[in-house]
Structure formats: C-alpha cells, structure tokens
Amino acid sequence: MPHHHARTQVAIIGGGPAGLLLSHILNENGIDSVVLERRTKAYVLSRIRAGLLEASTVQLFRDYGLAERMDRNGKSKDGSWITRQGFDSYFIDTHKWTGKSMMVYGQTEITEDLYNAREQAGGQVINEAEDVNLCDVTSDTPFVTYTKDDKSYRLDCDYIAGCDGFHGISRKTIPADILRTYERAYPFGWLGIMAEVPPLPDLIYAYHERGFALASQRSRLLSRYYIQCPLTDTVMNWSDDRFWEELIARFPKEVASEIITGPSIEKSIAPLRSFVAEPMQYGRLFLAGDAAHIVPPTGAKGLNLAASDVFYLSRGLVEQINNNRPHHLQHYSEVALRRVWSSENISWRMTQLLHVFPNMDRFDARIQQNNYELLLQSEAQQQALAEEYVGAPFEQLDALVPTPV
C-alpha cells in the first residue's frame, strides 16, 4: 500500500508548458489539480525549445494573466522571411493577409512564467515524481501512483491529463489495439546553437543547395541559429567556427553580412519527425502536447499545438466539472486532431519546400523549385500560407462538431 494517499480533481502528468498551462487555467476556473513531473524544475527550465507564438497562443496567455513579461520582453512579428538561392526572397506577411501578428518569446521564459503563476497561486507541482503509473483510466475512479524520495504515493482523481511528452507513460497507457499512430521520419537533423549575440531583426528561413538554414531569436541579445545536417553527425563534429562558416554560406550575401557571430552557449542536434497518435482520449485519460503529436520545427507549430490542446481540454473539463455538460469533453480528441493534422500538414509542406533531401532526384528538385515560384507569383497561395502560419483561432473548429440538441 502507498504510504501517502491524496485526492485531486485532475491529475496532470508532465510539468512542461502544456501541463503547467492546463493547471493554471483549471485553477482560474476553480478546479483543483496536481502536476507530476519526473524531472527537476531546473531541468525543465533548461530545455531549449521553440519561441514563435501564434496569435491565438498569445491571446490565450493574455486572457489568463500570463502575458506581462511576454508583452514586455517578447518581440511582435508580422511574419517571417523565406530565401531561396537564385530567387527573390519572400516575406510571409501575416499582418497583411490576416491582420494578425505573432510573438517571438522563448519557451524557457514561458515555462518560468507558468511555474511562477502556479507557485503564486499555491498550486501543487511535484517534481522528481518517479515510477508514475496511470490506473483504472476507463473507470469513474481513476488514480495515479508514483514514488518520490523512496516513498510511495497514490493520487485519486476524476480525470487524468497526459502532458508528459513523446517518451512519457500516458500515451503508452492506451492499449495497442485502440491506439493508432502515424509517423514520418526525415532523413536529416537540425544542428542548432544559441549564442549571446544580437540576432537578425527577422526570422529567416533559407534554402540552399548545401542545405536548409534558419535565423531565429530569443531576445535582443540572444540568437538561435540552425542548419540542416546529416543524422550521422554529432555535435563534436561541429566547432563554432565550422558552424558559423556553414551558416553564413547558406544565406544570401545581404543577410549573411548582418550575422554577428560569437561563442555558442548551447549546441545540439535534433532529428526531425512528424508523429500523430489517435485518439487523444481514452476513458478518463486525455493526451495533450507532445504526448499526442510531434511536428518538425519548420512550421513553428509544436508549442502552439500544445496551447491549442490545452484550450480545448481545459474548456471540456471546466464544462464537465463545473456545469455537468459533457459535450466539449466528449469531442475533445475529434476537435483537437483537426488542428493537429492542419499543423502537421503545413509543417510537412514547409519542410519539403526548404530542405535538401538526400534522395531527391531532378524531378523532385524542379517541383520543389516550382512550389517556391508559385508562392512568389500567386496571391492566393501567399494568403493561404499566411493564414496557416499565423494559426487559425482556437474556436474556429467548433462549428465542425455537432452541438447537443
């Protein structure tokens, strides 16, 4: 028997942005939750992740009082540039086509803001929770067991939110004959570095015959750069000097001349994959964020998908728990997956457009080039890309789900 027994309304597995945001929104609606995170708080805050927020994600943070530091330190963006060797550059003008802007604000800062909000509200975030198991998830009385400091714990709850990432226990709890997965692994990775140097003023994607490159930013004095590299490469193969030389070679001269180089403070290689798990709910277990899906970072959708999942899931839980109205919770997976697949789609297409694929033949190369030419020429394609890039309003998909009579 566990040494300690407790109860909450919603047990949240995973203390990253998805889990913390869900806990915060539930608390704002008078619903109790406990967050269980396997890692230390310091480890969670050390994760280097994306930092481009869709308009709806920004609004969600503002609606729940989480935007003070973001609005002060973040950088509003009306779009991003795409460059292609031998062609004119193209600006994805989200403001022109949608009237909306995006925000550059690092995930580390978002996670700090969420931890602070939970601490100020007296929320329970239990770090270093190990051996987590989800039990009786198809019953009316699910519970979670875990250990901490060599003591056993049991947490009874009404619902479980699996926000514990791609490698977590939540998705694995869904039986194999129920769960369907869809995956596309890409034959290259992204080598990324962080450097304490002023970034370029804009986010810039670059296609070059040597491979893809990306200029991004985290703050006024913190730059994030990426280059496409073989999956067989290791960080040890890439000195700072080699990285900067390769990065600069992949941008047009007018862009390359503006890049300020300096010693890296972080360097890593990430493989690229597209992954979706269906359904995102099983009994009283609901998946959100990377536990249910992974997107290649080309479309800057990962964190934004986590935010949209949390929007739909929190709404469903609030309606069910506070008002005994099950409709939104019953349709959570259906609605969330529509947005997931839309984000997977644009992320896949942008990855196809901007990378050199090892098995690309001459026909594939010309189709890729033509896709870029069509983007330069067609206002319809420009508007469509801008709408996908800035992200649809979270509520937009509601009309696709039948409402209760």
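Modeller: A residue counts as buried under 20% relative accessible area, as exposed over 50%, and as partly exposed in between. The structure above is a predicted model.

Colleague: Is arginine 62 buried, partly exposed or exposed?

Modeller: The relative accessible area of arginine 62 is 40%.

Colleague: Which residue meets arginine 62 in a salt bridge?

Modeller: A salt bridge needs a side-chain nitrogen of Lys or Arg within 4 Å of a carboxyl oxygen of Asp or Glu. For arginine 62 the N to O distance is 2.9 Å. The partner is aspartate 71.

Colleague: In which helix do arginine 72 and glutamate 68 both lie?

Modeller: Arginine 72 and glutamate 68 form a salt bridge, with their closest N and O atoms 3.8 Å apart. Arginine 72 is exposed at 52%, and glutamate 68 is exposed at 65%. The two are four residues apart, about one turn of the helix. That helix, residues 68-73, is α4.

Colleague: How many residues apart in sequence are the parts tied together by glutamate 183 and arginine 273?

Modeller: The side chains of glutamate 183 and arginine 273 meet in a salt bridge of 3.0 Å, N to O. Glutamate 183 lies in strand β14 (residues 180-195) and arginine 273 in strand β18 (residues 264-278), so the pair ties together parts whose separation in sequence is 90 residues.

Colleague: How many salt bridges does a search of the whole structure find?

Modeller: Some of the salt bridges share partners, and these join Glu54, Lys301 and Arg339 into one network. For the whole structure, the search gives a count of 20.

Colleague: What is the bridge partner of leucine 53 in β8?

Modeller: Three strands form an open, antiparallel sheet in the order β4-β8-β5. The edge strands are β4 (52-53) and β5 (75-77). Two bridges join β4 to β8, residues 102-104. In β8, leucine 53 is partnered by methionine 103.

Conventions:
Residues numbered from 1 in each chain as written. Predicted model: local features only at pLDDT ≥ 70, side-chain atom pairs only at ≥ 80, totals over all residues. Heavy atoms only, no water. Pairing = 2+ DSSP bridges. Buried < 20%, exposed > 50% of the residue type's maximum accessible area, 1.4 Å probe, protein only.
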